[in-house]
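Please read them with the coordinates open.

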Amino acid sequence: MAFSKHYMFAKKNTVVIEHSQGKHLRAKPGSLEEIDPDGGKGGFAQWEAEPSDGGKKVKLKSTKSGKYLRIKADGSSIDVGGGGGKWTVFKVHKDGDTIKLESAEHGGKYLAVGKNNKVRTGGGGPFCKLKIYRQN
C-alpha cells in the first residue's frame with residue numbers, strides 16, 4: 001500500500017502528512033493556497049519533501065500547485081503559498097514515531113491541527129505531533 005512507511009528525511013520523496021486528528025494536510029481543492037486538514041492520501045494531500053542540513057530541516061512543496069507549505073511572515077498564519085524562501089523551512093523534531101515541524105524563522109512556532117480540526121501554529125504540544133509517510 002502506498003504511503004505506509006515512515007519518511008526518514010534522508011532524500012527527496014513524495015509524502016503525506018497525517019496530523020493529530022487522523023486525517024492528512026492538503027492544499028484545499030478549489031483554493032490551492034489554503035491549507036486544509038481534511039485530506040486523504042490523494043493528489044491534493046501529496047507533498048514533495050525536500051530535506052536539508054542532514055535531515056534536520058525540510059521544505060514541503062504541494063505536488064498539486066508547486067507552492068510550499070509555510071508559516072507566514074506574521075508568525076501566526078499557515079498557507080500553501082510559499083515560493084521556497086525562508087518562511088517555508090521547518091526544523092524537524094523527531095519524537096518516537098511522530099515528528100514536529102517548527103518554523104526555522106519563528107522559533108517556538110510549530111505546525112499544528114487543533115481538536116477543532118483547525119490548522120494553526122502551536123507551541124510544540126500534542127496537537128503538533130505529525131506522522132509523515134513516504135511513497136513506497
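1. Helices (H or I, at least four residues) and strands (E, at least two) are DSSP runs, numbered from the N terminus. By that rule, Gly 96 sits in the loop that links strand S9 (90-95) to strand S10 (98-103). Residue numbers start from 1 along each chain as its sequence is written. The model is predicted, with local features needing pLDDT of at least 70, side-chain atom pairs counting only at pLDDT 80 or more, and totals for chains, interfaces and linings using all residues, while side-chain values use heavy atoms, with hydrogens and water left out.

2. The protein chain holds 13 strands and zero helices. Its C-alpha trace spans about 40 × 35 × 30 Å along the principal axes. The radius of gyration, taken over C-alpha atoms, is compared with a globule rule of 2.2 Å times the number of residues to the power 0.38. For 136 residues a compact globule would come near 14 Å, and the 13 Å of the protein chain agrees with this.

3. Is Gly 96 buried or exposed? Buried means under 20% relative accessible area, exposed over 50%, and partly exposed in between (1.4 Å probe, protein chains only). Gly 96 counts as exposed because its relative accessibility is 75%.

4. Thr 14 belongs to strand S2 (residues 13-18). With a relative accessible area of 19%, Thr 14 is buried. Contact means heavy atoms within 4.5 Å. Leaving aside residues up to four places away in sequence, Thr 14 touches Phe 3, Gln 46, Trp 47, Thr 63, Tyr 133, Arg 134 and Gln 135.

5. Strand S11 (residues 110-113) is covered on both faces. Tyr 110 and Ala 112 are buried on one side, and Leu 111 and Val 113 on the other. Two strands pair if DSSP finds at least two bridges between them. S11 runs antiparallel to strand S12 (residues 119-122), joined to it by four bridges. Leu 111 has Thr 121 as its bridge partner in S12. The two strands form a hairpin with five residues between them, and Asn 117 in the turn has a positive phi of about 65°.

6. For the chain as a whole, 44% of the 136 residues count as buried. Among contacts in the protein chain with a separation of 6 or more, 50% come from residues 24 or more positions apart.
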